[in-house]
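Please open the model in a viewer and keep the selection tool at hand. The stops below are arranged so that each selection leads to the next.

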Amino acid sequence: MGPYDSSVSAGSSSSSGSSSSCSGKPADTIDGLLAGAGYRVRSSELRQVAQRLARLETVMVNAPTEVSHLANDAVHYNPSDLASWVDSLLSELHQPEIAPDPSTFSDLNYIAHTQAGHVLVNPMVSHRELSAGTEIEEDSGIRLVHVLMTCAESVHRGELSLAASLIEELQGLLTSVDGERGIGKVAGYFIDALSRRVFAPQGASLADSAFENAVLYHHFYEACPYLKFAHFTANQAILEAFSGHDCVHVIDFNLMHGLQWPALIQALALRPGGPPLLRLTGIGPPSPDGHDSLREIGLRLAELARSVNVRFAFRGVAASRLDDVKPWMLQVNPKEVVAVNSIMQLHKLLGSDPSRGSPIDPVLGWIRNLNPKIVMVVEQEANHNQPEFLDRFTEALHYYSTMFDSLEAYSAQLEKSLAEIYIQREICNVVCCEGLARVERHEPLVKWRDRLGGAGFTSLHLGSNAFKQASMLLALFSAEGYCVEENEGCLTLGWHSRPLIAASAWQAMPNIHSHE
Amino acid sequence: MAGSNEVNTNEAKKVVPLNTWILISNFKLAYNMLRRPDGTFNRHLAEFLERKVPANTIPVDGVYSFDVVDRATNLLNRIYRQAVDNEAQWGIEELEKPLSTTEIVPVIIFFHGGSFTHSSANSAIYDTFCRRLAGICKAVVVSVNYRRSPEHRYPCAYDDGWAALKFVHSRTWLRSGKDSKVHVYLAGDSSGGNIAHHVAVRAAESGVEVLGNILLHPMFGGQERRESEKRLDGKYFVTVQDRDWYWRAYLPEGEDRDHPACNIFGPRSLSLEGLNFPKTLAVVAGLDLSQDWQLAYVQGLENAGHGVKLLFLKQATIGFYFLPNNEHFYSLMEEIKSFVHSDC
């Protein structure tokens, strides 16, 4: 799949785009050339947009101090939608809004993330350029990738005995590259995954202890900023959505250690006008041995909330899969404002059982029926759910190579290794598993937009304030090379221009027939 | 002054297609917001507003791209290449073979514009431009993500350009022809053109081969106010005042525009005579207020005994090449194509 056709803007849904649309109505088409420059403007609106730009210019020339307000205080949204952006600037200038209190957001910086910065010490190896230094190693690395792809191809074609012999060859080749970094390291994990698929398909998926998962997750959280970015961006958006409301309820689709929530609790404690009553419902797998880890985390969070005078109530919902959760378990109160928080969970619902269909649709359905004020969705920005094995394998090789690259800067060796095992599990699932066992069915933002739009959700744009905060946070404690980008109202975090994780915010579209 | 702006908008609208006018006006207004009077720059808002695209190993219009980070400098280079016909190879980057062992495939190192301050190699406008350049000219294009001002002033951009040149020369997979070497051209628009010039000078001084320079309305200037600057000030998207801001942001603090980075053949510059300087294709837009400086540059190269071809596009404004909706774009591409293939 090539989402970046020259006549379709980055990140746009596949149905819109070039002026050769089959709708037959020229008024609906997007100007293809501007789309190539990243701007979506309907051909029928060109004149109007030009007029507004001209008017904006006149206003800016006549009032230079207003320009400074636009730059420093106004929040900008979705610059790809040029018409809306220009209009929002015009309305800013005619009715200047009271600037939001910057201190509300700056506290999130200090509270959420106290980890010291990790300075880039080793030059990065791009996932595209396969060498560590000597010519000999460069050739070995390239050969490794060749054979790896050939092996994947043979698996794709079902030629398992060929695949098996190629795996042996690959294991031999691994010895002549540096397995600690660059292509050697990534290839090692993929060879391992292919090996599991070919030799042990039944036991292919790695042992799934919830405790182990949590430990690995924690190290992944520390070693690179992807999860922190997810939590931080989500909290910002949730905080804004909760503004002015006294009863708020967060539903977390994957509580884990509840790492996301102390920052939100603290920020709510400090908000002007005082904190709301906060309910948190945390969903997580059932704990073994009668242990109730959800409750324990809830207790810790309650303790924190108490210490900052935030009225707080916690409820744990144990479910091994999200589609086992029924809305009545969440006990949503009609008077409260609901935020649904899904950090890398929705893709797990994309697998389908021939008898039941795909759980994503009923789940999106009940989410919508909760009438949430905001649904935060953070997902891996990758196309690992393609029907053909070889396509998935190739995409995953590129994606995880980039991710491993970004990890190389992290100096604490043990933590880095554990973080890598976390990633390895994902790789294994993408490469080894099929059917319902394959849960890591990542899809890119383009597809999620279509899916969520079709399920009755409308996009809530993340603005320049969220962008700036995220960028500043990254600069504080991550290696150089990470970058935040704005993508039609969503934010992505990537490594050296390759987005790896995408955050978007949604709300339920108003019902035509609302039952109040 | 305020009243005359309404007239100016109409002038520009007469000479460019509507969507081009919208694109460049949008940049003009956004950039206006980002430049602060005290010389600082609102980088976060700039990055937020910048439309970027990732590289794509799936070919679009016959060209695919991928990013390479130069380990020595941590700088990103985006490479654009013609697609191979064998579909199975799309998505897999073959970094071992030369481009060709029989034909010469020109490699154009491209420095994007943005007055040293704006844009990146992965900006949508420049990604699209480089794709078109690679496809039409049947060349490999290497787009350099150099460090920008005011955070990184002179000579950072030149150092990064020099690093990119050395990087490109040392890639075996960029070699071509029976002589198996990298056939390098330097190119750039606006500040990128300025960078290309300075990198070419350094290359000539160091004996590193550059086969030609392609300068697309390059950013040059000087203390003096030239006639074109006065005549065209504010008329076609650009003002003298904004040019001054960008020079102040790029040049070392306290310097003026006669600094040799800015004023190439000015009072403080070293002579280029006797230097093994590459041939130049200089493209000047007739509605660009900086044209007198660019024309003086062309004259200066001639005086110093160096080959230069001038492509003067009388009715073109800055940025005419962003959208392929005008004759100037096609003239430009034809010229560049024959310029990089003339040695074959």
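A residue is termed buried under 20% relative accessible area, exposed over 50% and partly exposed in between, with a 1.4 Å probe and protein chains only. By that criterion, 56% of the 516 residues of chain A are buried. The model is predicted: local features need pLDDT of at least 70 and side-chain atom pairs count only at pLDDT 80 or more, whereas totals for chains, interfaces and linings use all residues. Residues are numbered from 1 along each chain as its sequence is written, chains are lettered from A and ligands numbered from 1 in the order in which they are written, and side-chain values use heavy atoms, with hydrogens and water left out.

**Chain A as a whole**

Select chain A and display its secondary structure. The chain has 17 helices and nine strands, where helices (H or I, at least four residues) and strands (E, at least two) are DSSP runs numbered from the N terminus. Chain A exposes about 21500 Å², of which carbon and sulfur atoms supply 52%; such areas come from the Shrake-Rupley method with a 1.4 Å probe, and for residues only the protein chains shown count as cover. Of the contacts in this chain between residues at least 6 apart in sequence, 76% join residues at least 24 apart, a contact being heavy atoms within 4.5 Å.

**Aromatic pairs**

Next, colour the aromatic side chains. Over all chains there are 33 aromatic pairs. Rings of Phe, Tyr and Trp (its six-membered ring) pair if their centres lie within 6.5 Å; planes under 30 degrees apart count as stacked, over 60 as edge-to-face and the rest as tilted. Select A:Y482 and A:W495: the ring centres are 4.9 Å apart and the planes stand at 70°, so this pair is edge-to-face. Because A:Y482 is in strand β7 (residues 482–487) and A:W495 in strand β8 (residues 490–495) of chain A, the pair ties together parts 13 residues apart in sequence. Both partners are buried, A:Y482 at 11% relative accessible area and A:W495 at 2%.

Move to chain B and select B:Y126 with B:F322, an edge-to-face pair with 5.5 Å centre to centre and 80° between the planes. This pair links B:Y126 in helix α4 to B:F322 in the loop between β8 (308–313) and α10 (327–341) of chain B, 196 residues apart. Both residues are buried. Which cluster do ring pairs form with these two residues? The cluster consists of A:Y39, B:F27, B:Y31, B:F110, B:Y126, B:F129, B:F320, B:Y321 and B:F322.

Stay in helix α4 of chain B and select B:R132. This arginine is buried, with a relative accessible area of 18%. Leaving aside neighbours within four places in sequence, B:R132 is in contact with residues including A:L33, B:F322 and B:M333.

**Charged groups**

Return to chain A and select A:R451. Where does A:R451 lie relative to A:W448? A:R451 is over the face of A:W448, at 5.6 Å from the ring centre; a charge sits over a ring if NZ of Lys or CZ of Arg is within 6 Å of the ring centre and within 35 degrees of the ring normal. A:R451 also forms a salt bridge with A:E443, the closest N and O atoms being 3.1 Å apart. A salt bridge is a side-chain nitrogen of Lys or Arg within 4 Å of a carboxyl oxygen of Asp or Glu. A:E443 is buried at 4% relative accessible area, whereas A:R451 is partly exposed at 27%.

In chain B, select B:D160 and B:R147, whose side chains meet in a salt bridge (2.8 Å, N to O). B:D160 is in helix α5 and B:R147 in the loop between β4 and α5 of chain B, so the pair ties together parts 13 residues apart in sequence.

**Backbone exceptions**

Most residues other than glycine have a negative phi, and most peptide bonds are trans. In the loop between β4 (140–144) and α5 (156–169) of chain B, select B:P150: the peptide bond from B:S149 to B:P150 is cis, with omega near 0°.

Finally, select B:S115, in the loop between β3 (107–111) and α4 (124–137) of chain B. Its phi is positive, near 55°. Is B:S115 buried or exposed? B:S115 is buried, with a relative accessible area of 6%.
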